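Here is a briefing on one protein chain. Look first at the fold, then at how the elements pack.

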Amino acid sequence: MSAAILAGVLVAGGVYLILQRGLIRMALGLILLGHAANVVLLASGGLYRREASVIEQITAVQAAADPLPQAFVLTAIVITFGVTVYLVALAGSGSGDDTEEST
């Protein structure tokens, strides 16, 4: 339940920041959305404590952690980091992100 609330708060904050003007705010909103996706992926694998995924006894297979959501989260972290670096580089390039002409 707490993971769902946390993901909802992160998505709400991310959407709010993405809809703001300014490339840095949009990048921060994208970071929050990436964190929300990571929380959802980790919650899909189960948040309660489990044994390590590499085990020696075949009888404890039901208690082993599922490594697939953890691999998805690592992939999502790398993708979010790459997109964030690209947006920050665009913001730091000196060109304005305002599309309207000022009078």
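Helices (H or I, at least four residues) and strands (E, at least two) are DSSP runs, numbered from the N terminus. By that rule, the elements of the protein chain run α-α-α from the N terminus on. The chain holds three helices and zero strands.

This is a predicted model: local features need pLDDT of at least 70, side-chain atom pairs count only at pLDDT 80 or more, and totals for chains, interfaces and linings use all residues. Residues are numbered from 1 along each chain as its sequence is written, and side-chain values use heavy atoms, with hydrogens and water left out.

**Whole chain**

- Of the 103 residues of the protein chain, 19% count as buried. Buried means under 20% relative accessible area, exposed over 50%, and partly exposed in between (1.4 Å probe, protein chains only).
- The accessible surface is about 7600 Å², computed by the Shrake-Rupley method with a 1.4 Å probe. Carbon and sulfur atoms account for 67% of that surface.
- Contact means heavy atoms within 4.5 Å. Among contacts between residues at least 6 apart in sequence, 53% join residues at least 24 apart.

- Two packed helices are described by the angle between their axes and the distance between the axes.
- Axes are lines fitted to C-alpha atoms, for helices over the stretch in contact, and angles run from 0 to 180 degrees between N-to-C directions.
- Helix H1 spans residues 2–18 and helix H2 spans residues 23–44. Their axes come within 7 Å and cross at roughly 160°.
- H1 and H2 are therefore roughly antiparallel to each other; the cut-off for that term is an angle over 145 degrees.
- H1 residues in this contact include Leu-6, Leu-10 and Leu-17, and those from H2 include Met-26, Leu-33 and Val-40.
- The residues of the H1 contact with H2 divide into 17 nonpolar, four polar and one charged. Here Ala, Val, Leu, Ile, Met, Phe, Trp, Tyr, Cys and Pro count as nonpolar, Asp, Glu, Lys and Arg as charged, and the others, Gly among them, as polar.

**H2 against H3**

- The axes of H2 and helix H3 (residues 67–92) come within 9 Å and cross at roughly 180°.
- That makes H2 roughly antiparallel to H3.
- H2 contributes residues including Ile-24, Ile-31 and Leu-41, while H3 contributes residues including Phe-72, Val-83 and Leu-87.
- This contact of H2 with H3 has 16 nonpolar residues, five polar and no charged.

- Is Asn-38 buried or exposed? Asn-38 counts as buried, because its relative accessibility is 10%.
- Asn-38 sits in helix H2. Leaving aside neighbours within four places in sequence, Asn-38 is in contact with Val-73, Ala-76 and Ile-77.
- The C-alpha atoms of Asn-38 and Val-73 are separated by 5.4 Å, with the two residues 35 apart along the chain.
- Ala-89 lies in helix H3. Ala-89 counts as partly exposed, at 47% relative accessibility.
- Ala-89 and Ile-24 are 65 residues apart along the chain, and their C-alpha atoms are separated by 9.9 Å.

Note on methods
Parallel < 35°, antiparallel > 145°, perpendicular 65-115°, else oblique.
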